[in-house]
Amino acid sequence: MEIRRRNNVTVTGNPQGRTVVLAHGFGCDQNMWRLTVPALARDYRIVLFDYVGSGRSDLSAFSEDRYGSLDGYARDVVEICEALDVREAVFVGHSVSAMIGVLAAALAPDRIGAHVMVAPSPRYIDDEGYRGGFSPQDIEELLASLESNYLGWSAAMAPVIMGNAERPELGDELTTSFCATDPDMARVFARTTFLSDSRDDLKGVRVPTLVLECTQDAIAPREVGAYVHQAIEGSELVTLDATGHCPHLSAPGVTNVAITSFLRTLA
């Protein structure tokens with residue numbers, strides 16, 4: 001119960017079905033999956049949760065030492081799976097959560113049996129022979145702005161991250177989500193996220209993997225999707241007819257079709 005309370009764990013769907021863990025990205029919470037849950041609930045047992053510092057998680061459980069690296073979040077995922085006796089789950093991770101899922105699977109291979117990576121990025125900063133979408137200066141300026149005025153940064157960046165400018169209500173929702181996140185904890189998660197480099201970890205993925213990318217994404221350009229696909233042997237890459245970094249909100253129909261089609265291929 002302590003783990004479930006810490007991460008505000010919710011279990012729904014078909015208790016007899018294979019477990020699907022839905023993991024939100026930076027600045028979000030489990031509510032961001034509300035348009036995906038109905039597409040899965042009949043056939044799958046669904047586990048939702050909030051990372052510590054997000055949503056309705058137990059903020060008193062936050063530790064900068066633990067959550068100053070993606071490993072701390074991955075340990076939380078493993079502990080949630082252990083608490084629920086989850087085995088061979090399909091881990092659906094949005095954005096940075098895709099990499100957290102990779103790390104969690106390395107820690108406890110019996111707990112995660114497949115990955116769905118929604119707009120993943122193993123590294124946000126450009127490197128020699130690699131395009132992550134941001135220069136080192138871009139990231140330092142982003143983090144400096146976030147740390148000096150988190151609410152102002154949220155109002156400016158959330159619509160950019162969401163994309164779909166013709167639907168401002170989507171950007172407004174993400175802004176609200178960002179602003180509801182504890183600023184001090186968000187700063188730690190942001191630095192952990194945008195300075196991470198999980199490229200080498202991708203080589204260890206040996207389970208069925210679906211990589212979902214959007215046609216235009218300010219956070220994870222298509223070069224990143226291609227890189228992740230190439231790095232994970234046997235993975236499937238699907239380019240959604242969607243724009244922005246949150247297709248499960250902006251284009252839930254095509255996103256859900258891609259996820260459910262992949263799930264049906266699993267043994």
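# Exercises on a predicted chain

Glutamate 88 is placed in the loop between α4 (70-83) and β4 (89-94); helices (H or I, at least four residues) and strands (E, at least two) are DSSP runs, numbered from the N terminus. The model is predicted, with local features needing pLDDT of at least 70, side-chain atom pairs counting only at pLDDT 80 or more, and totals for chains, interfaces and linings using all residues. Residues are numbered from 1 along each chain as its sequence is written, and side-chain values use heavy atoms, with hydrogens and water left out.

**Exercise 1.** Describe the pairing and side-chain directions of strand β3 (residues 45-48).

Solution. 
- Step 1: Two strands pair if DSSP finds at least two bridges between them.
- Step 2: Strand β1 (residues 10-13) pairs with β3 in the antiparallel sense over four bridges. Here glycine 13 stands opposite arginine 45.
- Step 3: Strand β2 (residues 19-23) runs parallel to β3, joined by four bridges. In this pair valine 21 is opposite valine 47.
- Step 4: In a regular strand the side chains alternate between the two faces of the sheet.
- Step 5: In β3, Arg45 and Val47 point one way, Ile46 and Leu48 the other way, and all are buried.

**Exercise 2.** Compare the radius of gyration of the chain with that of a compact globule, and give the share of buried residues.

Solution. 
- Step 1: The radius is taken over C-alpha atoms, and the globule rule is 2.2 Å times the number of residues to the power 0.38.
- Step 2: For 267 residues the rule gives a value near 18 Å; the chain has 17 Å, which agrees.
- Step 3: The C-alpha trace spans about 45 × 40 × 35 Å along its principal axes.
- Step 4: Of the 267 residues, 55% count as buried.
- Step 5: The chain has 13 helices and seven strands.

Note on methods: Buried means under 20% relative accessible area, exposed over 50%, partly exposed in between (1.4 Å probe, protein chains only).
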